[in-house]
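Please keep the sequence and the model in view while reading.

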Amino acid sequence: MKHLLSFFSALLLAQLLLGQEISIKGKINNYSGSDSLNVKIYSQPSPIETKVSVSKNGEFSYKYIATKTSFCYLYFSENNTITLVLSPNEDVTVTADYRNLQGTYSVKGSQQSIDLQKNMAGIMNHLNSIQNLRTVFEAKIDSVNRKITQDIATAIKQNPSNYGNLSLINSLTIDEFPDVYRLLDSALTATYPDDFKGY
């Protein structure tokens, strides 16, 4: 009996040292390609990458042995990646849309992966808000800049012989305001003929 217990203890220890299985399965909605799903695992000194077949209706499954918690990346294209944090003995289910894995995926069976996805989604919402604000303010800045150039063009047209217009005209491009340039040139040449000889 003692030898039998020692045998099972040794067997259990060997299993622990060798690691435990992690199972990943899932469904890729709107999958219409023939490309394989890339699975990259960072549980070793160097990443292990495997190509996993995906059925016509978007289902896939993959199992591997791990001795510790590590990152696992699922992707068809590296700029559209699902990031998971997986631990030994986890049975994980992933669903996502083929057209936007990163923005649509959900996870079951891995609390750390669920937490990561939730946090990343929150960050993306903030980044999207920043981008929306940037777009709004850039449009407002463009509107103000257009108003500035129009005001300058109007000021020159109202008093084209004013010598100070030479400073204002630098804010206008000749391609956009050729008529203002011509008007200023003729008005200043007529008003200050000695200053513009040879021009």
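T149 lies in helix α3, where helices (H or I, at least four residues) and strands (E, at least two) are DSSP runs numbered from the N terminus. T149 is buried, with a relative accessible area of 18%; buried means under 20% relative accessible area, exposed over 50%, and partly exposed in between, with a 1.4 Å probe and protein chains only. Leaving out residues up to four places away in sequence, T149 touches S171, L172 and F177, a contact being heavy atoms within 4.5 Å.

The model is predicted, so local features need pLDDT of at least 70 and side-chain atom pairs count only at pLDDT 80 or more, while totals for chains, interfaces and linings use all residues. Residues are numbered from 1 along each chain as its sequence is written, and side-chain values use heavy atoms, with hydrogens and water left out.

The chain has five helices and eight strands, in the order α-β-β-β-β-β-β-β-α-β-α-α-α along the sequence. Of its 199 residues, 28% are buried. Among contacts between residues at least 6 apart in sequence, 53% join residues at least 24 apart. The accessible surface comes to about 13300 Å², with 55% of it belonging to carbon and sulfur atoms; these areas come from the Shrake-Rupley method with a 1.4 Å probe, and for residues only the protein chains shown count as cover.

Helix α3, residues 111-158, packs against helix α5, residues 178-191, at an angle of about 30°, with the axes 10 Å apart. Axes are lines fitted to C-alpha atoms, for helices over the stretch in contact, and angles run from 0 to 180 degrees between N-to-C directions. The angle makes α3 roughly parallel to α5, because angles under 35 degrees count as roughly parallel, over 145 as roughly antiparallel, 65 to 115 as roughly perpendicular and the rest as oblique. The contact is made by A153, I156 and K157 of α3 and by D179, V180, L183 and L184 of α5. These residues divide into five nonpolar, no polar and two charged, with Ala, Val, Leu, Ile, Met, Phe, Trp, Tyr, Cys and Pro taken as nonpolar, Asp, Glu, Lys and Arg as charged, and the others, Gly among them, as polar.

Turning to a strand, V92 is found in β7, residues 91-97. V92 is buried, with a relative accessible area of 0%. Apart from neighbours within four places in sequence, V92 is in contact with S23, I24, K25, L86, V107, K108, G109 and S110. The C-alpha atoms of V92 and Q111, 19 residues apart along the chain, are separated by 9.7 Å.
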